[in-house]
Every structure is written in structure tokens, then in C-alpha cells.
Amino acid sequence: MRFRTAVIWNVISQFGQSGITMLSTVILARMLTPDDFGLIGIVTIFIAISQMMVDSEMGGSLLRKKDADKTDYSTLFWYNLAVSLLIYIILYISAPYLSSFYHRPELTDVIRLISVCVVIHAFRVVQFIIILRNLQFRSYAVINVVSGVISLIAAIIIAKSGYGYWALVWQPIVVASLIVLLMSLHNRFMPAFVFSRESFRYQFRFGIGLLGGNFVMTIANNISANIIAKISTLQFTGYFTQTNRLTTFCQTSLASIFNQSIFPMMAKFERMEEVKELYHKLLRNLVIGLGGLTVLILLFAPFIIKIALGESWEGAIPIFRILSLTILPASLQVLCRNVMKALGTTKKVLHIDTLISILLILFLTAGSFLSTYLLLWGIVAAQVAGALTWTFVVSSRLDRSANENLMP
């Protein structure tokens, strides 16, 4: 019952947060230009990779460890903080060169400011792991919604004041800062001045496979906007950035739900049969639900774009239709990935993620030499291939070891 309640509150949290993100998209799309969103879209990959490096997936090991203590949490915190500061320095120094590469002088200040999110993220990781471990999703739901609403108000004020894309820069900084502050007040956890090599090795062994997989997947999933920005206009990049945000609404919500509730739940299962039963149930529901959603998007894309973004975004309709075909396969990959994490086979995750990422990058590269629309179809093809690969691997693994003991 506690698991079920936790999942319900996590669903409320994620859809509340995603709802605020969607509302932000609707409001700010009418106040800013496609060029503004295109500019921020270029920066996204650098922040995504940096935060992934700070996170490192090491915290997942503490969800599986029965007797995680303050030494474990403190070790993870100091590692996260050291990595975040190093990455921030690299981004700060690299900003002018990235700006020159994209021929956008304003990128220098944008990168240097928005990169503060990387350091803030270091303070979030351990606090978040504590909430996950204790299944305190009700509190997390409140923290998420409150932080999201305040950050949206801040972004609207900045946009109405005529500062353009700076509204999109400050919004993630405000929301990240508030989440860290509220989680810290809730958990009342302060790291000790201790770093355990033994604990670090345990966490590193668990996280290294996931980190490697995350690294290649983050590059593959975020590099599209950067390629488009080089071969097309900033306006087209803005169209892609916003429609991609709309189509990933379900994917990011489901990914958060799976990572934050389904994975902790599966990690506590003692029998493989329990994981198998839950996996098949979720798989069936995803195919039916997201398959139906994709059909609706294909039919009503013009209406959705007009309502969500406004009439000035009409050029985004064909992009939206193509990218909608990635919703189901991308979500299936998220489910399968969490099953493998729960089973502790993180090296397998690295191998599969690397294979899929190489495939995606090959499709993107080939498409970039032909046309931007072929590049988009390459994204769809790679996601479908990835989903087929993942479902085959997970189904084979579950069928092979139905009665296996899961606890480490």
C-alpha cells in the first residue's frame, strides 16, 4: 500500500511539474520569438551533459543498499560538488569559443549564467536520493509544484519586461534553487566532512555503467538542435526545440515516474517474477495509451500547435507530426532501462545505450547532409530501433531467470 501511495503522489508530482512546464511553453511562446527558443536550444546539450556528469547515477546504488548511512550520503555529496565546480569552470572558459562556433555572441553570457544550474544540481542529488529512499513523494510533489509556479511567474515577469531569452535562462535557475532549498529544509540533512573510499567504490561500480550509457544517450538525444542550428535557421531550430518539448512531455513525465517510483519499487522486489509481472503490465498500458495519443496528435496537430504555441508557430506543424512518432518508442526504452537498473545489470545498460546512441548519431549525420526533415525522420527510425532492441533484451532476461533472487 505504501508503494502504491508513493507512486500516486509521484504521478501527481510529475504531471503537476509537467503541467507547469506545458503552461510555461504556452505562455512564453506568445511572449518570445522562435529565435529566442532556438538560442536556448543550442545551450541545452551542454547543460544536460553537465548535470548528467554531476548526477553520475551513483545515487541509485544507495536506493539498493539496505544500510545506507550519512557517510554514504556525504561521500556522494562531496563528489557531486567537486565535479560540478570543475564542469562550471570548463563551461565558463569555453563559452566564448562556443559562441564563436555558432556565430552568436550573446551565447557567451547565456552559457556562463545558465551553467550555474550545474552547481545547484550538485546540492540537489543527495537530498533527492533521501526523498526517494523514504518514498516521501507527497512532500516532493508539493516542493515541485511550488517551485515550478514561482519560477514560471519569474520568467513571465522577465519576459514582459522586454528581456527576451533571459526569461528562459533565469527560469531553470530559479526552479533549481527553490527545489534545493525546500528539499534541504524538509530533509534537514547536512553532509559531514567525510569521504569514504569504500563507499565511493561501491557507488562508482554501480553508477559507471549507467553514467556511460547516460553520457552517450544525452549527446545523442540533445545534439539534434545543435546540428539543426548549424545547417538551418535559428527560427527552424526554435520550431524544433518547442515541438520537441511538446512531444517529450509524456516521455519526460514517464521517465521521472519510472526513475523515482517504479525503479525504487522494483529495487526492493525479492523475486524476478514480481519484476516480470509489473514490466508486462506497464508495457501493455504504454502501448495502448501512448499509441492512441500518437494517433490523436497526427490527426489534430494544427489545432494543438495553434492552442499551445499560437498562430505564429504554424511552421512547426510538420515537425510536430514527425516527432510525435517518437513518443511511444522512447517511452518503452525508459521502462526497459529501469527494469535493467532494478536487476543491477548496469553494464548491459551501457552496452545497449551505446549501440542505440551510435545508431541515432549515424542517422542524424546522414540526415544532416540531405535535409533537416530527413534528419527528423532519422530520429524516429533510431528511436523505433532502440525500442525493439530494448524490449527484446529485457524480455529475454526476464524469461531466462524467472525465479532468481534479486537482493544484493
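**Figure 1. Overview of the chain.** Of the 408 residues in the chain, 55% are buried, where buried means under 20% relative accessible area, exposed means over 50%, and partly exposed covers the range in between, as judged with a 1.4 Å probe and protein chains only. The model is predicted, so local features need pLDDT of at least 70 and side-chain atom pairs count only at pLDDT 80 or more, whereas totals for chains, interfaces and linings use all residues. Residues are numbered from 1 along each chain as its sequence is written, and side-chain values use heavy atoms, with hydrogens and water left out. The secondary structure comes to 15 helices and zero strands, both taken as DSSP runs numbered from the N terminus, with at least four residues (H or I) for a helix and at least two (E) for a strand. The chain exposes about 18,000 Å², and carbon and sulfur atoms supply 66% of that area, as computed by the Shrake-Rupley method with a 1.4 Å probe; for residues, only the protein chains shown count as cover. Among contacts (heavy atoms within 4.5 Å) between residues at least 6 apart in sequence, 86% join residues at least 24 apart.

Figure 2. Thr75 has its place in helix 4, which spans residues 70-101, and it counts as buried because its relative accessibility is 1%. A polar atom of the Thr75 side chain lies 3.0 Å from the backbone nitrogen of Ser196. Leaving aside residues up to four places away in sequence, Thr75 touches Val194, Phe195, Ser196, Ser199, Phe200 and Gln203.

Figure 3. The structure holds 14 aromatic pairs, a pair being two rings of Phe, Tyr or Trp (its six-membered ring) with centres within 6.5 Å; planes under 30 degrees apart count as stacked, over 60 as edge-to-face and the rest as tilted. One of these pairs, formed by Phe101 and Tyr102, is edge-to-face, with 4.9 Å from centre to centre and 90° between the planes. Within this pair Phe101 is partly exposed, at a relative accessible area of 47%, whereas Tyr102 is buried at 12%. The rings of Phe236 and Tyr373 have centres 5.7 Å apart and planes at 85°, so this pair is edge-to-face. Phe236 is buried, with a relative accessible area of 10%, while Tyr373 counts as partly exposed at 32% relative accessibility. Ring pairs also link Phe77, Trp78, Phe123 and Phe193 into a cluster.

**Figure 4. The salt bridges.** Side chains of opposite charge can pair when their charged atoms come close. The count comes to two salt bridges, each requiring a side-chain nitrogen of Lys or Arg within 4 Å of a carboxyl oxygen of Asp or Glu. The side chains of Arg104 and Glu106 meet in a salt bridge with an N to O distance of 3.8 Å; Arg104 is partly exposed, with a relative accessible area of 29%, and Glu106 is partly exposed at 23%. Lys306 and Glu311 form a salt bridge in which the closest N and O atoms are 3.7 Å apart.

Figure 5. Val295, Leu296, Leu299, Phe300, Phe303 and Ile307 form a nonpolar patch on the surface, with about 620 Å² of accessible area together. Patches are made of residues with over 30% relative accessible area and no salt bridge, like charges being joined within 9 Å and nonpolar side chains (Val, Leu, Ile, Met, Phe, Trp, Tyr) within 5 Å. Ile307 is found in helix 11, residues 272-308, and is partly exposed, with a relative accessible area of 48%.

**Figure 6. Helix 12 and Val339 of helix 13.** Helix 12 (residues 317-324) is largely enclosed by the rest of the structure, because six of its eight residues are buried. These buried residues are Ile317, Ile319, Phe320, Ile322, Leu323 and Ser324. Val339 lies in helix 13, residues 327-342, and is buried, with a relative accessible area of 0%. The C-alpha atoms of Val339 and Arg397 are separated by 10.0 Å, although these residues are 58 residues apart along the chain.

Methods
A polar contact is a pair of N or O atoms within 3.5 Å; within protein, one must be able to donate a hydrogen and the other to accept it, and residues adjacent in sequence count only if both atoms are side-chain atoms.
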